[in-house]
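Subject: Handover of a structure and the findings

Dear colleague,

Please find below the structure that I am handing over to you.

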Amino acid sequence: MTTFATTLLLGGRIHSPAAPDATAMAIRDGVVAWLGSDDIGRALHPDAAVVDLEGAFVAPAFVDSHVHLTATGLTETGLDLRAATSLPHLLILLAEHAAQHPDGVIWGHGWDESGWPERTAPTTADLDGVFGGRPAYLARVDVHSAVASTGLRRLVPGLTDSEGFSEQGPLTADAHHRVRAAARNLLSATQRRAAQHAALDLAARNGIVAVHECAGPEIGGLDDWTDLRATEHGVEIVGYWGEAVDTAAAARDLMDRTGAHGLAGDLFIDGALGSRTAWLNEPYLDGPGCSHSHGNTYLDTDAVTAHLLACTEAGITAGFHVIGDAAVAAVVEALDRTVAAFGAPAVARCGHRLEHVEMVGPEQARQLGAWGIVASMQPNFDALWGGADGMYAQRLGVERALGLNPFALLASQGVPLAFGSDSPVTSINPWESVRAAISHRTAGSAISARSAFLAATRGAWRAGGVRDGMTGTLVPGAVASYAVWQVPGGADALDVTAPADAVQRWSTDPRSRVPALPPLGPDDELPTCLQTVHRGELIHG
């Protein structure tokens, strides 16, 4: 696309606040140079290289604000268990995979017993019955617990003394981190690199030009993160390292050693609701011993405060994985202490962020908005597990479950939203995230299609520190990072305005001068990515 000084895209529909009715866009030196109609575009740029869009839809490229690339690639190219519908079905999938891959460690991801008829997790004996003495690691869909074969457990000395140990059931906490590290060490560098490239290719195929990699000692380890930093690919990687510090000097040293963008991402305050390790004020309602279980606490309020104080003093982005209401209370208290020490403007300048932040109340949302704290969230969590009959309701009861992932509340209080997938936990397809945000399973928690799309584009750029006001949009002067989409029904489908009560269709009336989006109802076919371009360079299509 750089053979000519200017590239002119014609015959499509350009999603741009600068020119909502534009059908043509000119790109020069990786920057949007002009928007308008086809005829004017041809007249202004007679020597441009012309790309015929043939009625396609051009929109700002997506940014995924929370991914795990190596795990995504291993799932994409290996054993993806998200399709398992029961425990017997899971065992069939395991046996088929073992027959096709007779050597090496078994690495799988995605089982979710909360949707199975028996609601029973696989056991060590189940895995041994399929794999014999082979080491096998199978992460639950949320990756906060896993089952491991005896062949893998034997490689971890002293495992029985670890927090979260179970003889037959899923491992959590430290026991899980230790068996995951052992399984990871059995993967070759070639396997890791192949997985990383597969994940980045998958992102590009889905119209994504940048991802926020949430790395850390318990997630992929330093070797994995170092490999990712050295990876050459058109998709941009913004890396966060989840390791706590307690002084500004330690924060700066860790940033220098890791080359990370911030000490944030999956720095665990707690775990996940599906694995019953999210930190709750009131106990879980299901599972053995859950009447007394409030989940896991990995960082208390004082440790969270120390990290925030250190990073704020050093001017470094801090952040945490935070899901349960007790964990949210701890981080809000720690932020309050940090604001008291440095002032709200200094805290806001750092761009501190919270990942997931699912169980947040009105007063907490108000405080987060006042302090400029970014909420990096995953709308597909609600689509998969929300509502009155989903996994959240199993774990928490209906009343608590219906308060989760309150996008509208956070947006109303001025909390900057950034959307991602937590891939491989949920699909990396960003249109699925946008659809989930506008079709929230709790009445009053959804946001508009425009707000959801912004959270997956400009909002995610802002969460990664790009705050120029243009990146993530298609306006003259903005970097040319965009995707070309085939929209089912053609360009005319973009202009359909539904009745006010038809919340499943969120097209925009052209008279509003807000660019239209494709129909994103539950039964609508999602757009297909034809091309992905980042800073003027073609990276897919």
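The model is a predicted one, in which local features need pLDDT of at least 70 and side-chain atom pairs count only at pLDDT 80 or more, while totals for chains, interfaces and linings use all residues. Residues are numbered from 1 along each chain as its sequence is written, and side-chain values use heavy atoms, with hydrogens and water left out.

Salt bridges

A salt bridge here is a side-chain nitrogen of Lys or Arg within 4 Å of a carboxyl oxygen of Asp or Glu. The structure contains 16 of them. One joins the side chains of arginine 140 and aspartate 142, with an N to O distance of 2.8 Å. Both arginine 140 and aspartate 142 are buried; the term means under 20% relative accessible area, whereas exposed means over 50% and partly exposed lies in between (1.4 Å probe, protein chains only). Arginine 140 and aspartate 142 also belong to a network of salt bridges that links them with Asp112, Glu113, Arg276, Asp286 and Arg395.

Two further salt bridges lie within helices. Helices (H or I, at least four residues) and strands (E, at least two) are DSSP runs, numbered from the N terminus. In helix H9 (residues 248-258), arginine 257 and aspartate 253 are four residues apart, so about one helical turn separates them. Their side chains meet in a salt bridge of 2.9 Å, N to O. Arginine 257 counts as exposed because its relative accessibility is 53%, and aspartate 253 counts as partly exposed because its value is 39%.

In helix H13 (residues 362-371), arginine 366 and glutamate 363 are three residues apart, which again means a separation of about one helical turn. The closest N and O atoms of their salt bridge are 2.6 Å apart. Arginine 366 is partly exposed at 40% relative accessibility, and glutamate 363 is partly exposed at 44%.

Two helices in contact

Two packed helices are described by the angle between their axes and the distance between the axes. The axes of H9 and helix H10 (residues 301-314) come within 8 Å and cross at roughly 75°. Axes are lines fitted to C-alpha atoms, for helices over the stretch in contact, and angles run from 0 to 180 degrees between N-to-C directions. H9 is therefore roughly perpendicular to H10, a term for angles of 65 to 115 degrees, with under 35 counted as roughly parallel, over 145 as roughly antiparallel and the rest as oblique. Ala248, Ala251 and Arg252 of H9 make the contact with Ala310, Cys311, Glu313 and Ala314 of H10, where contact means heavy atoms within 4.5 Å.

A sheet of three strands

Three strands form an open sheet in the order E7-E12-E13, with parallel pairing. Strand E7 (62-67) and strand E13 (236-241) each have a single partner strand, so one side of each has no neighbour in the sheet. From one strand to the next, the twist averages 15°. E7 pairs with strand E12 (residues 208-215) over four bridges; two strands pair if DSSP finds at least two bridges between them.

Leucine 254 is located in helix H9. Is leucine 254 buried or exposed? Leucine 254 is buried, because its relative accessible area is 2%. Apart from neighbours within four places in sequence, leucine 254 contacts Trp241, Glu243, Val245 and Leu263.

A colleague
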